[in-house]
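Open the model in your viewer and keep the sequence panel beside it. The tour below goes from one selection to the next and says what is found at each stop.

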Amino acid sequence: MFHFSCAALLDILYFQSSNVWTADLLTKVMAYFHAQKVMFTLGSLQMSIKSYLKNLLYQPRQLLSELQQLDQQQFQTAMKYLFNSKKEHLEIGNIILDWGKTRERIFQSPGVNRTLFFVTLDKCFLALSALDCVDILSQVLRVSAVNYLQPDVIGSLPNLLLEDAFRNLSSLFKDLYDRTSASTQRALYGWMKQILQKSYNMSEFNESTSWVSAESLWILGRYMVHLPLEEILKISLNEIRLFISYDNATKQLDTVYDITPELAQALLERINSSGFDMRNTSTIYRLGLLVCFYDDLEQMDAAVARALLHQMIKCNQLRGFQAEVHELKSQLLNIAMQNQTLNDTLGSLSDAVVGLTSSQLESLSPEAVHNAVATLNQVSGWAKSQVMILSSKYLSYEKVLSFYNVSQMGALVTGIGTRSLHSMSPRELAQIIRGTTSQYLSDLSPAQQQGILRKIAASGDFSSSVKDIQGAFFKEVSLSGLWKQSGYNSSMLKEKELRSSQALYLYELLSKENYPVDLVSTGQLVKGVTCQLFESMDTDIFLNNFKFFEMNLHLLSPYQVNCLAWKFWKVSNASIPPFLLLALPSEYLEYVTGPLCVPFLERVGKIGMDLLNPSLHKRDVVLQKVQECLNSSVADEYDVDLLGNLICHLPPAFLHGRMSLKAMAAALHQFKLCQKLSHEQKTEIKYKLHQLYGSSNNWTAQTTLDVGPFIVMLSREELNILAEKFPDIILQIAKTIGPLSSAEELLSAVFESVSSSTGSARLSLSRADCLRTRAPSSNEIIKLGEANIFWSVQELKCMDPGTFDKNVELLGGVSGFNSSQLTALKEKAKQARAILQGFLDDSGQTISTLKSFDLVGLGAVLCALNSTEITSIRTVEFSAAIARIGLLFCSTPVLRQFKKMTESVFGAATSWNGSILQEIGTIAGALNEDELKAFDKSLMPYFQPSAIRHIPPEIFQALSPEQIANLGPENSAMVTGSQREHLDASQLQSLGLALDGARSSSPGTQSTAGSPQEGQTAAPSGAPCLSGFGIWLCAVFTLPLPFSTLNG
């Protein structure tokens, strides 16, 4: 067989396009190639084309080399078929190629896409019209999630372009702005500037005039933020006037999210000088995000302040400077309220109302809140306490809670107490679920959601309402609640999120009357496919439906992926997707060699190794295979494309010695997305960054932004220098890092930088013992974020009460305060028993009268109940809250009492099935030795991982080797050290098999996924934030905790 090439295929396509295919055309094609000393038969041609196109996807470097050698005609043919062809099939005689599918796979391959980008830059502008090339670049860059625009590539962009092509290419770069690095943005600005300067009449140029025209500003778009300050100050006033007068100027200025105060104020000064009345509402409207830096407040009247506040609603989109924005809003708020009460002005203050303190909100009249609700319901950024106050005011005016007045509340609906929601009629609650308010249901606390569900369920109208419960809200429906309803079908489940317990029950129920394709195509129901169902699937049905499992891999548990892999291996091991070999025992990775390497790396890089959850031992084997497939190095950007998020798992030594600087430049963005890099990995990344960018003392603002979170690895001395040079950038980066122990040096540097800039101005005068103590200001608290942990106890004590009131929610979000600091912040250390008693006293209830939503709202406080109190909880309330209670990490004695209650809901523990085990979570960790031994081995994977950890070691050892071998990869990874110590040799061997994903000897018999037990009644759950609770405590109890441990 002759060696096929890109040029050969393109010659055939070109030859065919200029000839009508006839019986003798093949002879002509063969004669054409024979003249080039290439011999082939029809059979070898067909095989060569198909083989070539398949391999092409996995060899992007070779493809680049071949494309670069094409002549002009061949290149034009390639571009035509790739970017302009609408054909789904290519027919070359009797050879029919699925061209539509091939094109789709080409554009899904980051490496091939990168090759197309490089070759377009290299050859296109010489072979095709500039407009066509810009269109091709647009298709390549928009379709790929990978960013190919590195600063060094920008130098390859053509610098002589006709006006239309330049405008189109500039427009493309403006659309891609947020997907490019700061250094690339700077380089693209330089390219645009170079071309714009050429079009400027240089004969008129002198030191005092700027090349920047109104048209230049329009073309630059967001890139205008890279103009130097001195250039802005030189822009002709006529050009500024023309620019601001243009209708699209507002839209453009609305998107300059990364503008600095200095540049914004320079632009405001030029706009003012050009003749615009800066206090005219029309002008203010045109300023876009420049209003966030408005600084001329002298003798301003209230109407202008209100107009500015209205425009400032968009300032939360700025990349930084929120403290300055907050301060400006506060000043404008004072002006807007001159000679008027807060009640009078509330509706005209826009989102500045978020800056009102709790005491100011408490002073509002219910009528004022009612009148302003149309404004208040559109505002974002409310603190929980603010929402509760405003909701209370609004509802006290309305007197009766109805569907109409709830629908007027917008985001404020989250402040309605659970009992108030529960007091509404089932019909009106059903309307809320269906109406416009439904978009806020996911923001309700679990307690509030349960309050709504409980009322609807109790009305007997639940079956008709269940189809309207969408998204994550449906996950709050209890398993026992599902048992009582009927009329389910696969189509009604398409818009719902399911817990595994729900999916297991519903899949089994619906499988009696539906084909598998109808069930797995819904998405969420794949969570309910058991290993036994995989095993029993007919081969054709399995292979035809595999695409649905592949599309929804993120919904499957590691155990299900393991079962999926074994099924595929059994029915078609020759065509098993290579990534599934990762879910099989380690030795199966030996099959990943040669041509399977690229698809293996590409798919695992996209899926993520965490989803497939290999054990630590297996992870090492996988990483060894990854390094082997890479020929023991990450050589360039093509390897980075291939790795995807596998790059997060590369060992430190490999990063140190086997990763080129070229690859590192392309990989930095991917590294920043990694969630769990070790200290050692970060150290090696820092080492590479120093090699790549030199000493941090010489970094530019753009380099610092691009390095981003990795600045935490720099020394304190280096951090201090950066904080001094780029204080705003360091603040911006610190805000994104959060409470990481490794970030302590950075947070400390941020604290010093911020506090030293205003050091002497904050001596407190509020108390005698504070005369020589600096007190935190609002501005500093907002800027510091997590770095507020560096205030001393004395400084916190000396904080002005007004400052504390304004910033209480922000301070409450700081996770690193120690107990002394928390005490200084008025938060008293309370024990759970005291909290529970306080709740009962405040609400006038006893344990026996608690509703299911009260149980959900109390959360971890339930772990403080004694056995008598637990047994006094009503079964119907407990059953509705059981999935939420199963998320709690209580002590074993408490879990044992909860287990007894669970038996009153679901029957004796020995009769529990997979859906029940998934529903009850940690409660299953309280089973005794006999109960645990009685479970069929096929049920072992349905224990939740948290339950496995909670089984006491002396009871865990009662599991048979067969039961342990069937735990599945995820549960076996949860076995603790102390549990291991109690196992014998055969049990440990079984544990090793489970960790490795080994197949059990037989699938066992799975009991039914879930059916009602005698004497059960359903009830959903929920609870309000109650009076008498501290603000922070209140926030904890109403925090919508996701069912993360319940498998999505």
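**A buried ring pair**

Select Phe 118 and Tyr 638: both residues are buried. The model is a predicted one. The rings of Phe 118 and Tyr 638 form an edge-to-face aromatic pair, with 6.4 Å from centre to centre and 80° between the planes. Across the whole structure, a search finds 23 aromatic pairs.

**A second ring pair**

Move to Trp 483 and Phe 906. They form an aromatic pair that is edge-to-face, at 5.4 Å centre to centre and with 70° between the planes.

**Charges over rings**

Select Lys 567 and Phe 542. The charged end of Lys 567 sits over the ring of Phe 542, 6.0 Å from the ring centre. Then select Arg 603 and Phe 579, where the charged end of Arg 603 sits over the ring of Phe 579, 5.1 Å from its centre.

**Two helices side by side**

Show residues 130-143, which are helix 8, and residues 163-175, which are helix 10. How do their axes cross? The axes come within 9 Å and cross at roughly 10°. Angles under 35 degrees count as roughly parallel, so helix 8 is roughly parallel to helix 10.

On the helix 8 side, the residues include Leu 131, Val 134, Leu 137 and Leu 141. On the helix 10 side, they include Ala 165, Leu 169, Leu 172 and Phe 173. By class, the contact of helix 8 with helix 10 has nine nonpolar, two polar and three charged residues.

**A serine in helix 10**

Stay in helix 10 and pick Ser 170. Ser 170 counts as buried, at 1% relative accessibility. Which residues does Ser 170 contact, leaving aside neighbours within four places in sequence? They are Trp 191, Met 192 and Ile 219. To finish, select Tyr 189, which is 19 residues from Ser 170 along the chain; the C-alpha atoms of the two are separated by 9.6 Å.

Note on methods. Residues are numbered from 1 along each chain as its sequence is written. This is a predicted model: local features need pLDDT of at least 70, side-chain atom pairs count only at pLDDT 80 or more; totals for chains, interfaces and linings use all residues. Side-chain values use heavy atoms; hydrogens and water are left out. Axes are lines fitted to C-alpha atoms, for helices over the stretch in contact, and angles run from 0 to 180 degrees between N-to-C directions. Helices (H or I, at least four residues) and strands (E, at least two) are DSSP runs, numbered from the N terminus. Angles under 35 degrees count as roughly parallel, over 145 as roughly antiparallel, 65 to 115 as roughly perpendicular and the rest as oblique. Contact means heavy atoms within 4.5 Å. Ala, Val, Leu, Ile, Met, Phe, Trp, Tyr, Cys and Pro count as nonpolar, Asp, Glu, Lys and Arg as charged, and the others, Gly among them, as polar. Rings of Phe, Tyr and Trp (its six-membered ring) pair if their centres lie within 6.5 Å; planes under 30 degrees apart count as stacked, over 60 as edge-to-face and the rest as tilted. Buried means under 20% relative accessible area, exposed over 50%, partly exposed in between (1.4 Å probe, protein chains only). A charge sits over a ring if NZ of Lys or CZ of Arg is within 6 Å of the ring centre and within 35 degrees of the ring normal.
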